[in-house]
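Please consult the sequence and the model while reading.

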Amino acid sequence: MLVFTRANFTLFAVPKTGSTAYHMALSRHAQIVLARDTALKHMPLRKYDKFFAPYLKGAHDLDPERVAVIRDPLEQVRSWFRYRKRPKVAGGPMDLSGMSFDDFIADVISPSPPEHARIGSQWGFLSSPDGALRVDHLFAYERPDVFHAFLEDRLGEKVRPGRKNVSPEVDAPLSPEMEAAFVAARPEEWALYEAVMVAGGHLVSDIPR
């Protein structure tokens, strides 16, 4: 997570949406950088609302706008699958050796996902416990031009992040039946993603503080 006090926004690191590349490209512009610890880097909105937003307001009188990126939900989970197929995790609890993408999706959407499938959801990351969206500006991963234009306007210079923490190339076909089950399991996330795309890749929300 990066907090830009001068540009008045917080950039949240939704997993598997290019967050590492953006952190590396933008950290020098940020006044607060939470990047070394995974839990801090990927702080979800619920934890931010409960702990960090009150700290910013109480200690520094800051209430920056919230900015995040959302990705096609299926592609975001496919990126997780490929990431956990890398040799580094072989033999560990996250090892997906011998597992198909159908198997992984089934585990992800099961009532009690096993450890290797506990990846959360973009909707859970971006929303409050009562199901309200908690970001002011939500951008589509698939429209980087729109996001870059926003960043350049706020920061006053070109933004060109490189490719970092890229998942390995792994075949990950999905059966129509399992794809339908995944869509049915995450209606809020799909609806939010579609709303961002309909908005041209940048959804602006008037969220209550």
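## Pairing at the sheet edge

In this predicted model, Phe-139 stands opposite His-202 of β6. The two strands concerned, β5 (residues 137-140) and β6, are antiparallel to each other and are joined over three bridges.

## The sheet as a whole

The sheet is open and contains six strands, arranged in the order β3-β1-β2-β4-β5-β6 with mixed pairing. Its edges are formed by β3 (32-33) and β6 (202-204), each of which pairs on one side only.

## Helices on the sheet

Helix α7 (residues 144-155) packs on the sheet, where it touches β1 (2-4), β2 (9-11), β4 (65-70), β5 and β6. The direction of α7 makes about 140° with that of β5. Helix α9 (residues 187-198) lies across β4, β5 and β6, and it runs at about 85° to β5.

The twelve residues of α7 reach 16 Å from the first C-alpha to the last, close to the 16 Å expected at 1.5 Å a residue. Just after this helix, Gly-156 adopts a positive phi of about 80°.

Which residues of α7 are buried? They are Val-146, Phe-147, His-148, Phe-150, Leu-151, Glu-152 and Leu-155.

Terms used
Residues numbered from 1 in each chain as written. Predicted model: local features only at pLDDT ≥ 70, side-chain atom pairs only at ≥ 80, totals over all residues. Heavy atoms only, no water. Pairing = 2+ DSSP bridges. Helix = DSSP H or I, 4+ residues; strand = E, 2+ residues; numbered from the N terminus. Contact = heavy atoms within 4.5 Å. Axes fitted to C-alpha atoms, helices over the stretch in contact; angles between N-to-C directions. Expected span 1.5 Å × (residues − 1). Buried < 20%, exposed > 50% of the residue type's maximum accessible area, 1.4 Å probe, protein only.
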